[in-house]
Amino acid sequence: MANCRLAGAVAAGALALLAAGCGSDTTPADHRQALGEYVNRVEPIRLGINELLDRADPILGGYADGDLSAAEARRRLGHLERGVADYAVRIAALEPVPDEVRGVHDAYAHTFVLQDTYLSALVAALHERDFEDLPQFQNAQRAAIIAWRTRLQVLADRWRAKLPADLQVAGRGEISPSPTGD
């Protein structure tokens, strides 16, 4: 029985070594290309959600100033929230994701879900102007975005890839719109 376990352990170890050796002939140029293709697929989603979220503050400011009714602000923010939900699905479905980026990509994609959750709660809170119980996700979102951005930079440096210049601002500044539009 012990010999069977030992043989099984040796076979498992050999398979693990074989699997670890797979892909070892991947060149830095291959990695650079995969990273570039990944970033090219992410960029329209990243920039799109940023543009969408930039439209929230004027809506909230108009509501805070009395220029928009609660119903109109809810309608407009609800439209934005549905757009954020669409981007959350798009980033989660993005494939292929290089293995070296998978963990931070998944965390980055989750920030879109958190943003959708926040906007849904904000839309619900508008009518009563009850913003005290809004979810506080900004720190978690910022940490995930900065970890993602940092990992991309580390890999770009390693493989001599070029990243978009504006990627360095990801995770800085306001993450979620202020309920008062500030």
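Let me start with Gln-141, which, leaving aside its neighbours within four places in sequence, is in contact with Thr-111, Leu-114, Gln-115, Ile-175 and Ser-176. Please keep in mind that this is a predicted model. Gln-141 lies in helix H6. Is this residue buried or exposed? Its relative accessibility is 2%, and because buried means under 20%, Gln-141 counts as buried.

Gln-141 also brings us to the packing of two helices. Helix H5, residues 102–126, and helix H6, residues 138–159, pack at an angle of about 145 degrees, and their axes are 9 Å apart. The crossing of H5 and H6 is left-handed. On the H5 side, the contact is made by Val-104, His-105, Ala-107, Tyr-108, Thr-111, Leu-114 and Gln-115. From H6 come Gln-141, Ala-144, Ile-145, Ala-147, Trp-148 and Arg-151. What is the make-up of this contact by class? It has 8 nonpolar, 4 polar and 1 charged residues.

Let me now step back to the whole chain. The protein chain has 6 helices and 0 strands, and read along the sequence its pattern is α-α-α-α-α-α. Of its 182 residues, 39% count as buried. Among contacts with a separation of 6 or more, 76% are between residues 24 or more positions apart. The accessible surface of the chain comes to about 10300 Å², and 56% of that surface belongs to carbon and sulfur atoms.

Next, the interior. In soluble globular proteins, nonpolar side chains tend to be buried together. Here the largest nonpolar core has 47 residues, and the members that touch the most others are Leu-35, Tyr-38, Leu-77 and Leu-152. Which elements give two or more residues to this core? They are helix H2 (28–54), helix H3 (56–64), helix H4 (70–93), H5 and H6. H5 gives the most, with 10 residues. Leaving aside its neighbours within four places in sequence, Leu-77 is in contact with Ala-56, Ile-59, Leu-60, Leu-122, Val-123 and Leu-126.

I turn now to the prolines. Pro-44 is placed in helix H2. With 46% relative accessibility, Pro-44 counts as partly exposed. Its C-alpha atom is separated by 10.0 Å from that of Ile-91, a residue 47 positions away along the chain. The peptide bond from Glu-95 to Pro-96 is cis, with omega near -10 degrees.

That bond leads to the backbone geometry. Most residues other than glycine have a negative phi, and most peptide bonds are trans. Two arginines have a positive phi. Arg-129 has phi near 55 degrees, and this residue sits in the loop between H5 and H6. For Arg-160, phi is likewise near 55 degrees, and its place is in the segment after H6.

How do these arginines stand in terms of accessibility? Arg-129 has 46% relative accessibility and so counts as partly exposed. Arg-160, at 72% relative accessibility, counts as exposed.

Technical notes:
Residues are numbered from 1 along each chain as its sequence is written. This is a predicted model: local features need pLDDT of at least 70, side-chain atom pairs count only at pLDDT 80 or more; totals for chains, interfaces and linings use all residues. Side-chain values use heavy atoms; hydrogens and water are left out. Axes are lines fitted to C-alpha atoms, for helices over the stretch in contact, and angles run from 0 to 180 degrees between N-to-C directions. Helices (H or I, at least four residues) and strands (E, at least two) are DSSP runs, numbered from the N terminus. A crossing is left-handed if the near helix is turned anticlockwise from the far one by less than a right angle, and right-handed if clockwise. Contact means heavy atoms within 4.5 Å. Ala, Val, Leu, Ile, Met, Phe, Trp, Tyr, Cys and Pro count as nonpolar, Asp, Glu, Lys and Arg as charged, and the others, Gly among them, as polar. A nonpolar core is a set of buried Ala, Val, Leu, Ile, Met, Phe, Trp, Tyr and Cys residues joined through side-chain atoms within 4.5 Å. Buried means under 20% relative accessible area, exposed over 50%, partly exposed in between (1.4 Å probe, protein chains only). Accessible areas come from the Shrake-Rupley method with a 1.4 Å probe; for residues, only the protein chains shown count as cover.
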